[in-house]
Amino acid sequence: MNDKNILDIDNLSVHFDTFEGTFSAVRNVSFSLHYDESIGIIGESGCGKSTLSFAIMRYLAKNANVDGNIYFKGDSLFEKNEKELQEYRGNRIAIVFQNPDSSLNPSLTIGFQLDEVGIYHQKLSKTAARKASIKALEMLNLGDPKSIVKRYPHQVSGGIQQRICIAMALLCKPDLLILDEPTTALDVTTEAVILDSISHLRDKLHMSLMYISHDMGVINKVSDNIVVMYNGEIVEMGPKKSIFEHPHHPYTRALINCMPRKGVIKENSELNTIKGYVKKRGKNEFGCPFVDRCEKRNSTCESLYGMRSVGESHTAACDRAYASDIKEKPKKALHSKITPLKENVDKTSTLLQLEKITKVYGNRKKVYAVNGIDVEVSSGTVLGIVGESGCGKSTTGHMVAGLYRPTSGNLLYNGENIGLSWNHRDKQILKEIQLIFQNPGRSLNPSHTIEKIIGRPMKKLAGKTDRKALREEIIYFLRKVDLGEEYIDKKPKQLSGGEQQRVAIARALAIQPSLVVCDEPTSALDVSVQASVLNLLNDLQKDSQAAYLFISHDLHVINYLSDFILVMYAGKIAEYGTREEVMAPPFHPYTEALLSAVPEVDPSLKKEAITLEGGLPNPSKKIKGCPFAGRCHRQVGPICKKVAPPKVQISDTHYYYCHIVENVE
């Protein structure tokens with residue numbers, strides 16, 4: 001400890017007693033955080049990042065056993081009783097959790113929940129607490145905070161909910177702010193605003209910051225120093241520039257290599273992955289925790305393992321990382337053991353056609369979710385749909401899948417109008433169009449085995465009833481998604497998030513559909529698992545010749561997997577074209593803003609994110625002019641708000657809707 005440190009973690013270990021034995025969540029962790037410093041904690045799910053933050057706040061479960069110590073400004077937090085800790089929690093150390101839905105009470109107004117912090121911690125009057133709450137919301141650039149405090153959490157978007165949680169944490173002006181993956185499931189534009197807000201407030205309030213994430217791009221943007229954790233242990237730590245440019249531990253290098261990045265496309269490369277997954281580690285297991293997944297392991301791994309200095313303020317437990325950043329693996333042939341599901345299809349034939357599709361929710365108070373979409377999807381191709389939350393991309397996908405019925409317009413599949421809800425669709429159409437959801441944990445029945453989950457649609461829609469043959473076919477599809485026969489009798493809770501998503505993919509493809517709607521299937525996954533799932537989806541798409549409607553807010557993911565890209569905003573098309581046409585250069589200002597907001601993995605690549613103030617237009621009102629006019633950084637004048645933008649055709653496959661036309665030849 002020294003006077004420069006606000007936080008000292010000294011040889012901290014957290015073990016949990018379970019029916020299966022005692023497991024280590026955090027083991028022998030030591031590091032310090034200086035005043036006015038930002039530190040990033042990075043690693044996959046199960047590496048102990050969140051347990052570390054809970055230990056600092058003393059929020060651990062009763063079955064946790066803790067060794068070591070944590071010092072805040074020289075005071076031991078583990079020597080404080082619950083009453084004494086109240087002076088630290090919220091007032092001096094605040095935490096923002098990953099999921100704002102579970103942090104905010106749905107039955108109380110936003111203002112009441114914010115005021116409660118000022119009244120309880122700062123002993124303010126109700127009037128003073130409300131003024132402080134509105135001021136905190138203003139600090140986070142939230143428009144019309146006086147209106148927001150009167151709303152309930154469900155009446156604002158996910159991005160605004162998360163900013164409210166940050167405002168709640170900032171009300172007491174804490175010395176240390178801990179952020180536990182607060183932007184994981186948010187849009188890139190919302191993420192950029194939140195990250196910029198955090199950086200600004202850190203300087204203004206002189207806070208120290210601990211930012212937990214599995215995304216190297218985000219950590220690159222917010223941190224001065226980085227701590228890399230694997231299976232509860234620190235495997236490398238040091239300054240951001242040193243970690244990115246000269247990583248020493250193979251796990252650090254592998255995390256950096258897994259990130260989809262600009263210029264990496266499916267035709268040429270497979271995304272780098274980390275084989276295997278993070279396994280639980282017993283209290284009495286020692287040695288390198290990464291050895292079973294490491295491509296650089298050798299006979300000296302155990303004898304030489306341990307933290308050592310590898311540079312100025314840079315330490316690592318191993319020094320066998322790749323010498324420099326490796327390129328993505330060259331594209332390989334498909335698995336030879338797998339026979340193609342379908343012969344080559346005609347990619348020029350139109351499989352799906354949306355004509356003036358709209359979706360309006362409600363009767364008295366209407367919500368205009370999708371406002372006249374015209375787009376085609378050809379057989380065997382991938383259409384990526386990108387945009388912020390609330391832009392209508394998921395609603396569009398769900399209408400195609402039959403979960404919603406279009407309010408107006410034609411939804412044509414092979415020339416047949418299928419604009420009906422799923423229970424009125426022909427059985428063959430149900431078989432031909434499948435859906436993969438964002439959250440595999442919620443889309444798999446927890447009481448069923450994997451065999452039953454995959455087998456049920458095969459029985460219901462494909463008419464396969466022979467039990468022995470059905471089981472063999474289920475095993476076949478499990479192998480296609482790189483899972484073994486041993487998974488067939490397991491239940492979803494026994495699988496990791498990545499394995500659950502692979503089961504969901506197997507279920508969708510087991511009945512050999514012609515169109516698969518993928519609704520953000522990788523947004524909640526670790527970068528290593530995301531890379532593996534994207535490689536798998538790409539291989540299976542080539543193998544099955546199915547068309548994909550791939551929905552995502554991550555432009556790097558969209559760029560890697562898509563043949564065509566549709567950019568949506570406020571229920572309308574902003575831009576459409578082939579991947580190359582949309583990604584460089586973007587013609588629509590909204591596409592430009594999306595591209596600028598994507599966090600870069602390489603710290604040497606500096607770019608300014610285009611900040612989009614405010615939010616999407618009110619969906620309960622019809623839009624007169626350009627829906628993006630209120631936030632556009634290239635607005636040409638009053639015409640933008642008064643007149644609907646024209647369609648600007650650049651090529652046979654590329655167009656956008658905007659009043660700006662000077663870039664078009």
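This talk walks through a few helices and a few single residues of one predicted model.

Some ground rules. Residues are numbered from 1 along each chain as its sequence is written, and side-chain values use heavy atoms, without hydrogens and water. Because the model is predicted, local features need pLDDT of at least 70 and side-chain atom pairs count only at pLDDT 80 or more, while totals for chains, interfaces and linings use all residues.

Let's start with helix H18, residues 497-509. H18 has 13 residues. From first C-alpha to last, H18 reaches 19 Å, close to the 18 Å expected at 1.5 Å a residue. The expected span is 1.5 Å times one less than the number of residues.

How many of the residues of H18 are buried? The count is 12 of the 13, so H18 is largely enclosed by the rest of the structure. Buried means under 20% relative accessible area, exposed means over 50%, and partly exposed is in between, with a 1.4 Å probe and protein chains only. The buried set includes Glu499, Arg502 and Arg507. Ala504, Ala506 and Ala508 are also among them.

What do these buried residues pack against? The partners are strand S20 (433-436), helix H15 (440-443), helix H16 (450-460), helix H17 (467-480), strand S21 (515-519) and H19.

Take H19 next, residues 527-544. Two packed helices are described by the angle between their axes and the distance between the axes. The axes of H18 and H19 come within 10 Å and cross at roughly 15°. That makes H18 roughly parallel to H19. The cut-offs: under 35 degrees is roughly parallel, over 145 roughly antiparallel, 65 to 115 roughly perpendicular, and the rest oblique. The axes are lines fitted to C-alpha atoms, for helices over the stretch in contact, and angles run from 0 to 180 degrees between N-to-C directions.

The crossing of H18 and H19 is right-handed. Right-handed means the near helix is turned clockwise from the far one by less than a right angle, and left-handed means anticlockwise. H18 brings Gly498, Gln501, Arg502, Ile505 and Leu509 to the contact. H19 brings Val529, Ser532, Val533, Leu536, Leu537, Leu540 and Ser544. Contact means heavy atoms within 4.5 Å. By class, there are 7 nonpolar, 4 polar and 1 charged. Nonpolar covers Ala, Val, Leu, Ile, Met, Phe, Trp, Tyr, Cys and Pro; charged covers Asp, Glu, Lys and Arg; the others, Gly among them, are polar.

Alanine 531 is buried, with a relative accessible area of 0%. Its C-alpha is 6.1 Å from that of cysteine 258, which is 273 residues away along the chain. Beyond neighbours within four places in sequence, alanine 531 touches Cys258, Leu271, Asn272 and Thr273.

Helix H5 covers residues 126-139. Its 14 residues should span 20 Å, and its end C-alpha atoms are 20 Å apart, which agrees. Ala129, Ser133, Ile134, Ala136, Leu137 and Met139 of H5 are buried. Their cover includes helix H4 (110-121), helix H6 (145-148), helix H7 (158-170) and H8.

How do H4 and H5 cross? Their axes come within 8 Å, at roughly 115°. That makes H4 roughly perpendicular to H5. This crossing is right-handed. Gly111, Phe112, Leu114, Asp115 and Ile119 of H4 meet Lys126, Ala129, Arg130, Ser133 and Leu137 of H5. The classes are 5 nonpolar, 2 polar and 3 charged.

H8 spans residues 188-205. Its 18 residues reach 25 Å, close to the 26 Å expected. Just after H8, histidine 206 takes a positive phi of about 55°.

Serine 313 sits at about 60°, although it is not a glycine. Serine 313 is in the loop between strand S12 (308-311) and strand S13 (314-316). Buried or exposed? Serine 313 is exposed, at 60% relative accessible area. Lysine 356 has phi near 50°. Lysine 356 is in strand S15, residues 350-361, and counts as exposed at 56%.

Last stop: threonine 350, also found in S15. Threonine 350 is partly exposed, at 32%. Its contacts beyond four places in sequence are Glu376, Val377, Ser378 and Asn414.

Note on methods: Helices (H or I, at least four residues) and strands (E, at least two) are DSSP runs, numbered from the N terminus.
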